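I opened the notebook to record what I looked up, one element at a time. The entries follow the order in which I checked them.

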Amino acid sequence: MIVSTLPPLVVVGLATVVAVGTLSTRAHAWRRGRVNAPVRISDLLNVPRRYLVDVHAIVDRRPIAARMHTFAAGGFLLTGILGLLAAAGLLNGHVAAVVIALSGMSGIAGATFAFARRSPRKPSYLSGGLYYSLPWLLGLANIFFMGVGISSAADLMVAWNTPSGIILLLTGMVSLTGLALITGKGPMRHALAGTLHLAWHPRPGRFNGQSADTAFAQIDLDAPKLGANRVEDFAWNELLGFDSCVQCGRCEAACPAFAAGLPLNPKKFVNDIAGSNAPVQYAGSPHPGLPEHREQAGPILIGEEGASIAPETIWACTTCRACVDACPMMIEHLDGMIALRRFETLEHGATPGKAGDLFDALRETDTQSGNPLPARLDFAADLALPLMKEQHPVEVLLWIGEGGYELRNQRSLRAFIKLLRIAQIDFAVLAEERDCGDAARRLGDEIEFLRLAQANIATLSRYSFRSIVTLDPHVAHSLTRDYPSLGGNYQVFHHTTFLDGLVREGRLSVEGQLNGRVTYHDPCYLGRYLNEIDAPRALIDKLGVERVEMARHGRQSFCCGGGGGGPVTDIKGKQRIPDLRMEQARETEAEIVVVACPNCTTMLEGVTQPRPLVRELSEILLEAVERRSS
Amino acid sequence: MNAHSALLKPLKIKNLVIRNRIMSTSHADRFADGGRPGERLQLYHEEKAKGGIGLTMFGGSSSVAPDSPAALWNGISLESDDIIPHLQQFADRIHKHGSTLMVQMTHMGRRTRWDSANWLVPVAPTPKREHYSRSVSREIEDWDIRRIIKGFGQAARRCKEGGLDGIEVMASAQHLIDQFWSPMINQRTDQYGGSLENRMRFGFEVLEEVRKQVGDDYIVGMRLSGDEMIEGGLTAEDCLDIARRYVGSGMLDFVNVLPGQLNDMINYAKYLPNMITPSAPFLYMASAIKAEIDIPVFHATRITDLATATRAIEEGHVDMVAMTRAHIADPHIVNKMMEGRVDDIRPCVGASFCLSGRGAVCLHNAATGREGSIPHTIPKSLIKRRVVVAGGGPAGLEAARVSAQRGHEVILFEAGEQLGGQINIAAKATWREGLANIARWLEGQVKRSGVNVRMGHKATAADIEALEPDVVVIATGGRPNFDGVEGREHAISTWDILTGSVELAENVLIWDDSGYEPAISCAEFAAKRGAVVELSTYDKYPGEEVSKANLPIFLRETYKHDVVFTPDRTLKRIYLEGNKRIAVLANVFTGEEEERAVDQIVIEQGTLPDVGLYDDLRPRSRNLGEVDIDALIAGRPQDITNNPEARFQLFRVGDAVAGRNIHAAVYDSVRLCKDF
């Protein structure tokens, strides 16, 4: 018996040794990272729930890929376990043999799925290279385990020295050792790294079901180095995260910068960091317009000779978070992006384009546009806005934002202010409102962000108000997610949420006053970041218009190109992101694109005509209210 | 930042906040109702407030005393307390839109007539003849001075009680206050004449009385000249000195600087420059004064575009830019700018139709001054119709624009290769090029609103019927009228000369029996190209119907090029003799005939309508061409059915009805089409 079961166990053992060898190289590389929190083995208990709930929710957005993974991974693991159990004599009988056969067939089916995905032509978002071998290796491994398992369980003992026995052993040896080898720099890396990443994920808040953990970590401003430009500047579990990439390309497909041909492919970006840490085979799409991947890169990520990432890659990002939201491995692309940006901005002062002007303006005037603070209210000189310093407590503090300085968004603001007046809301504005710091933070200038945020928190502490309302999702996000760790805790409403409340309470009547076909563009910082998908749609649906959706909407919305300082860094691509988004809007044949963010308004209205009209939600709402009252 | 952000900076004067830097100055809009701001005048100004303007001033030369009658141009009288409730109503109306309202007050001194409302003899510092108003005046006496100063004070009090945001004391264009200043007029030897201090005394006394009545917080400004630009008048230095002294008294909150004076026709044309003048010709005058004083400076004079207005503010030349005539062309300038629709602003082209004695109406915007019946923004129709317009001149373009704004499907046929009709011909005449902007704007609006424009297609009745229209608008224009002249085949039209379709000859006789711009335009055009030109007219002078801001320029330019004028002639016949054309002209009054031997004879009698298409379609239309004139005037839809089997209604607009002008053409169209 022992003699007869030994050869397959030897094959498995050999593969295991190889796997341990390759993984120890990876593990060694993860240890380069900082350790921020105690590493508890008990955290491994997080894995099943995080895998089955959070990961599943994302994987399942592509049902075919999800089934493929269930069969390929599940079939392989099950067949392997059952096969080994049978070989060890712990499973016997015809029923067991049939179960093993079915399991093996499932695994083979999964492998076939995986093969078929790349056949006859590989979709551009998927990787090639070693990924082509994966279906074969999995298929052969399943055949090996099936052979071993069925023959052991059904007692159809194979003589290992017969030709068929030797073939089976060779099959096992080749497939399992092959899989073990590609656990290092190849596809199977994701399995172990991904599992460990789920256990010790750097943002545990991601798994509470609300995806609310979007604030960037603060940095120690007294540290010898600000931001990251080498792999060791990341935390160990962040490096683990980058290593868990399965190169499925969902981030690539979601990324607006990649779609527009800007030099950023988030999938490649993650593998750039992983590959700088330890060799990684990358056979996916490059950063558009930049050279191919270098397999063996040094530990330097950016800003120096031999760096693995080009500066334009990190500045092409709009921080729209589509990649993070799409990633089934829960990788934090943006944390990587911001760490590198912080280094480039704070250590090198190398923020490109007009970002330098923006920083100057913020430093000198506390506004992005370089205007005096009181001029923020110039646009409403004839509306006699009550000031907080003259009139508080109030129900609502209206946060004007940078839009107050900008002609287009002044119109949205005026419309919203008129709506507040019609609804008889007790509100006031700040004469001393400073920029919220969102742009500075996302451009890596953490020092400027902290200065502005602390100044605003000090201002707000002087006044009494129930809630803050703003038309700018970036402001809403910054005040709710960035400010609490600095001691600023407020009830903040984006105006769409607030207006929805007013309409529900009957303080505004908008019903059925308009017609035509409209589509709604979800701002990234409202939909994906703040999870407000429904309120704007509920409002639009009351107006009497026909609402049609773009293919990319809600949490899957496609960025306008205006976030993360994109308009100032102004990295060139083949196309402009807003042009792509407007094309998606045109496809709906809507007459109006409704927007709910000053950046989206500016970006989308900047697209050349003919195109649908761009209207801020307040504007069409006001039109409906005024029609109703006339 | 925005291209025009400088214009959107609010201006604070004492406690008054003006929301932006764009204003309209007081002018003679001729819309008052018995000396009061009635409905028409209020709606006219309210439209600007609605359109986003920061400050609108009304009541050009509003009177403070009965010997300065505003009735001459249907203006405002501030002479009694009866006006206060009207001012209150008006002010509320403007404030409702977040705008501000001020009025101008004046005594015109000698610059008025003795035979107007009250038949009172005009007063002057020194009684001298004045060309512009042909005044006969008497020397102002001490009791007049007391009376008029009191009149200013009481008028100011009424304005304050009426809720106006401020007042402008008029001291430019040679009204009484600046008649005292001007050594050309004031030759007194008492305390009101001689030194500048003495000449300024009356103005000081007026301001002191005004301040006494309204207090220190109320906004009081003064309109003054930056340079009288006339021999013997006030120089730029004098004007600067005057401004400095009045401002130094602390009694003024702003000055409004304008150029020149209105001593005669040509000075009138310089004071209100037309399209021959480049943009912002006198900004430098205001800028010079702004550099010396520390209160806000306002300025008007041919600032018609936002780029220039922005420059004026951004570079610090002035604090408020008046775009008065630009607002007559389009009262929604500020809103359109704020909405990023600068291209939608109907441009002031400087045609000066608003100065042609018809009040503040615009050559190509028929809604201005008619806000009660014609909306500036055309509301959408509830039903969608198919409207076919034949002809792409101003009438056809306006019909297409308005119909498209109504939400209808519009198809426009133009036989030629260019839209704009006769505007394109008129714009060929030397400095008249600015007229082309009228056609350009209309074309832009028509194309942007989705009108299906079919160029180079002379529509036939069959073409139009094949489209199954609900409404057909015939705007086919007219052709030059040669009627009544024997031997007309030897004559050509002003069109031929201006378009160059006939080569200009050496010796040209132009005979005019229309009185409008074409003949004198053509004379100037031909003379500037070297022809020897005689302009003969049936009228007592050439260009009798031309706006008084344009005629002096036409006369200046034609005189400069030696055009000979022979008025009071009729062209009886033309015959050939050798290689010359002989024109037989007869004196209208004596019948005496005389002959001219010339190379070319141009006849201008306006146009005759081109009615072929109209006649073809008439029997097949539902209304058989009939217009319900009562409904047209009342602003009700046309609903006449004379031929129930027919599908479409048929109308004519513009010169296809009768040869008139651009204003008539666009008014025809908007009045009719807004109710489609």
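**A pair across two strands**

I started with one residue: Leu509(B) stands opposite Ile601(B), which belongs to strand 25 of chain B. I keep in mind that this model is predicted.

Next I checked the strands behind that pair. Strand 19 of chain B covers residues 507-512, and strand 25 of chain B covers residues 600-604. They pair in the parallel sense, over five bridges. I noted the general rule too: strands of a sheet pair through backbone hydrogen bonds, either parallel or antiparallel.

**The open sheet**

In which order do the five strands of this open sheet of chain B lie? I read the order as 18-25-19-20-21, with parallel pairing. I then looked for the edges. They are strand 18 (492-493) and strand 21 (564-566) of chain B, and each pairs on one side only.

A helix packs on this sheet: helix 18 of chain B, residues 517-528. I listed what helix 18 of chain B touches: strand 19, strand 20 (532-537) and strand 25 of chain B. The direction of the helix makes about 170 degrees with that of strand 20 of chain B.

I also looked at the UniProt record. The unreviewed entry places the feature "domain: FAD/NAD(P)-binding" at residues 386-619 of chain B. For residues 386-619 of chain B I wrote down 30% helix and 29% strand. The end C-alpha atoms of that span lie 20 Å apart.

**The barrel**

How many strands close into a barrel in chain B? I found eight, in the order 3-4-5-8-9-10-11-12, and the pairing is parallel. Neighbouring strands of this sheet are turned by 25 degrees against each other on average, direction ignored.

Strand 11 (residues 297-299) and strand 12 (residues 320-322) of chain B run parallel, joined by two bridges. Here Phe298(B) stands opposite Met320(B), a residue of strand 12 of chain B.

Then I followed helix 6 of chain B, residues 201-214. Helix 6 lies across strand 8 (166-171) and strand 9 (219-225) of chain B. It runs at about 165 degrees to strand 8 of chain B.

**Domains and the contact between chains**

I turned to chain A. It is divided into domain 1 (2-195), domain 2 (201-347) and domain 3 (352-630). Taken over C-alpha atoms, the centres of domain 1 and domain 3 of chain A are 50 Å apart.

Last, I looked at where the chains meet. The contact takes twelve residues from chain A and eleven residues from chain B.

Conventions
Residues numbered from 1 in each chain as written. Chains lettered and ligands numbered in written order. Predicted model: local features only at pLDDT ≥ 70, side-chain atom pairs only at ≥ 80, totals over all residues. Domains from an automatic or database assignment. Pairing = 2+ DSSP bridges. Helix = DSSP H or I, 4+ residues; strand = E, 2+ residues; numbered from the N terminus. Contact = placed C-beta atoms within 7 Å. Axes fitted to C-alpha atoms, helices over the stretch in contact; angles between N-to-C directions. UniProt positions renumbered as here; feature names shortened; annotations may be inferred.
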